[in-house]
Amino acid sequence: MSKLVDRTSKPLPPGSPALSPDQIQQNLTEVPQWKIEDSALVRRFKFENYYETISFLVAVAMLAQREDHHPDMEVGYNRLVIKYSTHSVGGLSENDFICAAKINALIPWDPQG
């Protein structure tokens, strides 16, 4: 099986099955620092300043557009919260984890938050 970061998000029509709890736990092993909160895949980032925060937000937005899978994002001066879930399946899909893995690959440092 290839790593999540090497995969591409695929369109999921309404009614496609969401991942099972076991599949979610298995996929979490490939996306360090992401957690399940309120049925979403979530990661919090903390940055030194506004410029770093917005630069990273733009990189994530470009990745999301390329993957055609868009997260909810909450932004502050030096923080960014990214939340993924797949509306068409009513839960989490592999697309959420693929994008989380690709976001992790964007980070040459380890922002904690």
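A residue counts as buried when its relative accessible area is under 20%, as exposed when the value is over 50%, and as partly exposed in between, using a 1.4 Å probe and protein chains only. By that rule Lys-102 is buried, with a relative accessible area of 12%. The model shown here is predicted, so local features need a pLDDT of at least 70 and side-chain atom pairs count only at pLDDT 80 or more, while totals for chains, interfaces and linings use all residues. Residues are numbered from 1 along each chain as its sequence is written, and side-chain values use heavy atoms, leaving out hydrogens and water.

**Overall build**

- The protein has three helices and four strands; helices (H or I, at least four residues) and strands (E, at least two) are DSSP runs numbered from the N terminus.
- Starting at the N terminus, the order of these elements is α-β-β-α-β-β-α.
- The radius of gyration is 14 Å, close to the 13 Å that the globule rule gives for 113 residues, so the protein is as compact as a globular protein of that length. This radius is taken over C-alpha atoms, and the globule rule is 2.2 Å times the number of residues to the power 0.38.
- Along the principal axes, the C-alpha atoms fill a box of roughly 40 × 25 × 25 Å.
- Of the 113 residues, 42% count as buried.
- The accessible surface comes to about 6,600 Å², and 53% of it belongs to carbon and sulfur atoms. Such areas come from the Shrake-Rupley method with a 1.4 Å probe, and for residues only the protein chains shown count as cover.
- A contact means heavy atoms within 4.5 Å. Among the contacts with a separation of 6 or more, 70% come from residues 24 or more positions apart.

**Helix α2: Thr-53**

- Thr-53 sits in helix α2, which covers residues 50-67.
- Thr-53 is buried, at a relative accessible area of 0%.
- Not counting residues up to four places away in sequence, Thr-53 touches Phe-47, Val-75, Gly-76, Tyr-77, Asn-78, Arg-79 and Leu-80.
- Gln-26 is 27 residues from Thr-53 along the chain, and their C-alpha atoms are separated by 30 Å.

**Helix α3: Lys-102 and Ile-103**

- Helix α3 (residues 94-105) holds Ile-103, and Lys-102 is placed in helix α3 too.
- Ile-103 is buried, with a relative accessible area of 0%.
- Leaving aside neighbours within four places in sequence, Ile-103 is in contact with Trp-34, Phe-45, Phe-56, Val-60, Leu-63, Ile-82 and Tyr-84.
- Lys-83 is 20 residues from Ile-103 along the chain, with 12 Å between their C-alpha atoms.
- Lys-102, with neighbours within four places in sequence left aside, is in contact with Val-5, Arg-7, Thr-8, Leu-63 and Glu-67.
- Although Val-5 and Lys-102 are 97 residues apart along the chain, their C-alpha atoms are separated by 5.2 Å.

**Loop and segment residues**

- Most residues other than glycine have a negative phi. Keep that in mind for the next two residues.
- Asp-38 is not a glycine, yet its phi is positive, at about 50 degrees. Asp-38 is placed in the loop between β1 (35-37) and β2 (40-46), and is exposed, with a relative accessible area of 79%.
- Ser-39 also has a positive phi, near 65 degrees, in a residue other than glycine. Ser-39 lies in the loop between β1 and β2 and is exposed, with a relative accessible area of 56%.
- Gly-15 is found in the segment before α1 (21-28) and counts as exposed at 69% relative accessibility.
- Ser-88 is 73 residues from Gly-15 along the chain, and 6.7 Å separates their C-alpha atoms.

**The largest pocket**

- About 170 Å³ of space lies in the largest pocket. On a 1 Å grid over the protein atoms alone, where a 1.4 Å probe fits, a pocket is an open set of points with protein on both sides within 12 Å along at least five of seven lines.
- Grid points are joined across faces, edges and corners, and the volume is the space filled by probe spheres set on the points.
- The pocket is lined by 13 residues, and Lys-10, Asp-68, His-69, Thr-86 and Asn-95 lie nearest its centre. Lining residues have an atom within 4 Å of a point.
- By class, the lining has two nonpolar, eight polar and three charged residues. Here Ala, Val, Leu, Ile, Met, Phe, Trp, Tyr, Cys and Pro count as nonpolar, Asp, Glu, Lys and Arg as charged, and the others, Gly among them, as polar.
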